[in-house]
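I opened this entry to keep track of what I looked up, going from the whole chain down to one element.

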Amino acid sequence: MPGYSVTVPYVPTPEPVARAMLKLANAGPSDIVYDLGCGDGRILVIAVKEFDVKRAVGVEIREDKVREAIENIRRSGVGRRARVIHGDMFEVDISEATIVTLFLLTSVNEKLKPKLERELRRGTRIVSHEFRIPGWIPKRVVDVRDSNFITHTIYLYVIGEHR
């Protein structure tokens with residue numbers, strides 16, 4: 001969908017929720033994580049440092065957030081396995097991903113569905129924070145409390161098992 005972009009307000013995923021998302025996806029050393037709309041890069045850093053993923057790639061359209069994510073990756077010492085692409089998530093090839101993390105809006109998730117189905121291989125795990133992917137059946141739905149005792153819902157979908 002060249003030239004197709006959307007605006008999503010920047011709200012960072014709390015770190016306990018990011019950890020729960022990666023745990024729900026069973027992230028590990030053979031995984032390549034893509035975080036669409038990666039913001040400050042926190043999921044990328046946690047994926048490499050705490051889950052030892054092979055590689056973590058963030059896609060972010062906002063230049064200020066790209067700079068912040070790159071700095072957080074550098075400061076965390078995970079630059080050899082984490083990187084950020086400054087671009088539109090609808091235009092970036094995500095076909096190598098084994099896990100995709102999202103904290104977008106339901107309407108954006110719906111627009112993203114054709115790309116996810118077209119580019120991702122069977123068995124790829126998608127974890128969405130707070131917002132469902134309309135028309136897809138989640139494999140698991142988990143509630144997570146953050147450090148402020150606010151409950152967040154995360155949804156796990158698996159390509160090939162999502163309908």
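Predicted model: local features only at pLDDT ≥ 70, side-chain atom pairs only at ≥ 80, totals over all residues.

**Order of helices and strands**

**Overall form**

I then looked up the radius of gyration, which is 14 Å for the protein chain, and this agrees with the value near 15 Å that a compact globule of 163 residues would have. The C-alpha atoms fill a box of roughly 40 × 40 × 30 Å along the principal axes. I also noted that 52% of the 163 residues are buried, and that, among contacts between residues at least 6 apart in sequence, 69% join residues at least 24 apart.

**Surface and charges**

For the accessible surface I wrote down about 8000 Å², with 50% of it belonging to carbon and sulfur atoms. The chain carries 26 positive and 22 negative charges, and their mean positions lie 4 Å apart.

**Helix α2**

Why is helix α2 largely enclosed by the rest of the structure? I found that 7 of the 10 residues in this helix, which spans residues 42-51, are buried, and therefore the helix is largely enclosed. Buried here means under 20% relative accessible area. The buried residues of α2 are Ile-43, Leu-44, Val-45, Ile-46, Ala-47, Val-48 and Phe-51. Their cover includes the helices α1 (15-24) and α3 (63-76), together with the strands β1 (32-36), β2 (55-60), β3 (82-86) and β4 (99-102). Last, I looked just after α2, where Asp-52 takes a positive phi of about 55°.

Note on methods. Residues numbered from 1 in each chain as written. Heavy atoms only, no water. Buried < 20%, exposed > 50% of the residue type's maximum accessible area, 1.4 Å probe, protein only. Helix = DSSP H or I, 4+ residues; strand = E, 2+ residues; numbered from the N terminus. Contact = heavy atoms within 4.5 Å. Rg over C-alpha atoms; globule rule 2.2 N^0.38 Å. Areas by Shrake-Rupley, 256 points an atom, 1.4 Å probe, with all protein chains shown as cover. Lys, Arg positive; Asp, Glu negative; His and termini not counted. Charge placed at Lys NZ, Arg CZ, Asp CG, Glu CD.
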